[in-house]
Amino acid sequence: MQYVGMLRGFTHQYEKPVQYSLKLDKTELPCNEWIGQQLEIKFLDEIRCIHCNRKIKKTYNSGYCYPCFIDLAENDLCIVKPHECHFSQGTCRNEQFAHTYCMVPHYVYLSISSGVKVGLTRKGNQSKRWVDQGAIQAIPIAELPTRQMAGELEFELTQHVRDKTDWRKMLKDQADLVELLETRDELFPLVTQRFQPFLIHDAIISEFQHPKINSPDKIKTYDLSKTPIIKDRLIGIKGNYFIFDHAVINMRKFSGYKVSITIEEHINE
Ligand SMILES: [Zn+2]
Ligand SMILES: [Zn+2]
C-alpha cells in the first residue's frame, strides 16, 4: 500500500492499546497494523505551512511558516508558559483564540511518561495531551477556570515535581514508576491557599498502553530533512514517535512535509 500527502501528526482512539492514526492531509490512516512491517517514508521535497498552506523551505514550531509563527496566538510564548499570559495587558495576539482556548477550564495533572511530572491541559483535551507525551498513567489534580491560573498552579508545583519528559527514557519504556495518588496527596498540603478550592480529590487514574512489539535499547533519530528516504521495520508507536528497529522519528515535528508512505507487507519466515 502507498499513501501520499502532507504530514499532520497523529490522532488517537483511546482503546487498549491506544489506536493511533497518522494524518496525511485530511485522511487518518490507522497505523497500529503497520507494526511489524517494513515501512518506507519518502520526503517528496515539498513543505507547506499547516496553517496558511504557503510553500516554505523550513518549518517553525512543528509545521508553521515564519509569519504564522510570529503572528498566531497558538505560537505565542504564553502557550508554553501560561503563567506569563498577557491578555490582561491588552497584548494578546488574538482575543478570539484566547476566549476559545485560554479563558476556559483547564486541568493541572500528574502523569508518568519518563517519571512523574506535572502539566496542564484544556479540560476535554487531556487524553490527547497524555498520549502525545507517551504517558502510561495520568490523573487530573486540579481544575482551574483559565489557562493562566492553571499555569500559575503548575509553576508553583514545579518546585516539587518536574514538568519535563525525558523522551529517550519514555521511548525505552524505562519510566520511573511512582504511586500517583501518593504523590498527589503529598503535594496537596503544599499548595498555596489561593489554589486549594480548585483541587480535585476524587479523580481516577487513566492508563494507556502504547502499541509495540519491542522496546528500543538505544535511541537514534531519523530526520527527514537529512535522510529523505527512511526504510525500516516499525516496531512501535508511542507519543508522537514511530519507533523503528534502527531509530525513531518524531512524526509531529515533520508536520507540513509532503511524503509518500509505503507499507511492504511481507511474511516472516
Ligand atoms: Zn503560514
Ligand atoms: Zn496568550
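This is a predicted model: local features need pLDDT of at least 70, side-chain atom pairs count only at pLDDT 80 or more; totals for chains, interfaces and linings use all residues.
Strand 1 and strand 2 make a hairpin, with five residues between them. The protein chain is divided into two parts: domain 1 covers 2–67 + 214–264, and domain 2 covers 102–207.

**The hairpin and its neighbours**

- Strand 1 (2–13) is joined to strand 2 (residues 19–24) by five bridges, and the two run antiparallel.
- To see this pairing for yourself, find His12, whose bridge partner in strand 2 is Tyr20.
- Strand 1 is also joined to strand 13 (residues 257–264), again by five bridges and in the antiparallel sense.
- Here you can look for Gln2, which stands opposite Thr262 in strand 13.
- As background, strands of a sheet pair through backbone hydrogen bonds, and they can do so in a parallel or an antiparallel way.

- The loop between strand 1 and strand 2 holds Pro17, and the peptide bond that joins Lys16 and Pro17 is cis, with omega at about 0 degrees.
- Asn61 has a positive phi of about 50 degrees, although it is not a glycine.
- You will find Asn61 in the loop between strand 5 (55–56) and helix 1 (66–71).

- Four strands form an open sheet in the order 7-6-8-9, with antiparallel pairing.
- Strand 7 (116–122) and strand 9 (206–207) each have a single partner strand, so they stand at the edges and one side of each is left without a neighbour in the sheet.
- Strand 6 (residues 106–112) pairs with strand 7 over seven bridges, in the antiparallel sense.
- One spot to check is Tyr107, which stands opposite Thr121 in strand 7.
- Helix 5 (residues 147–157) lies across strand 6, strand 7 and strand 8 (137–144), and it runs at about 175 degrees to strand 7.

**Salt bridges**

- The count for the model comes to 13 salt bridges.
- One of them pairs Glu152 with Arg194, whose closest N and O atoms are 2.9 Å apart.
- This pair links distant parts of the chain: Glu152 belongs to helix 5, while Arg194 sits in the loop between helix 7 (180–187) and strand 9, 42 residues apart.
- In general, side chains of opposite charge can pair when their charged atoms come close.

- The C-alpha centres of domain 1 and domain 2 lie 27 Å apart.
- Domain 1 gives 17 residues to the contact, and domain 2 gives 14 residues.
- About 1400 Å² of area is buried between the two domains, and carbon and sulfur atoms give 59% of this.
- Tyr14, Ile219 and Lys238 supply 40% of the area that domain 1 buries against domain 2, more than any other three residues.
- Lys238 also meets Asp173 in a salt bridge between their side chains, at 2.7 Å from N to O.
- Between domain 1 and domain 2 the count is one salt bridge, and eight residue pairs are in polar contact across the interface.
- On the side of domain 1 that touches domain 2, the elements giving two or more residues are strand 1 and strand 11 (241–244).

Definitions and conventions:
Residues are numbered from 1 along each chain as its sequence is written. Chains are lettered from A and ligands numbered from 1 in the order in which they are written. Side-chain values use heavy atoms; hydrogens and water are left out. Two strands pair if DSSP finds at least two bridges between them. Contact means heavy atoms within 4.5 Å. Axes are lines fitted to C-alpha atoms, for helices over the stretch in contact, and angles run from 0 to 180 degrees between N-to-C directions. Domain bounds come from an automatic or database domain assignment. Buried area is the accessible area (1.4 Å probe) that two parts lose on being put together, summed over both. A salt bridge is a side-chain nitrogen of Lys or Arg within 4 Å of a carboxyl oxygen of Asp or Glu. A polar contact is a pair of N or O atoms within 3.5 Å; within protein, one must be able to donate a hydrogen and the other to accept it, and residues adjacent in sequence count only if both atoms are side-chain atoms.
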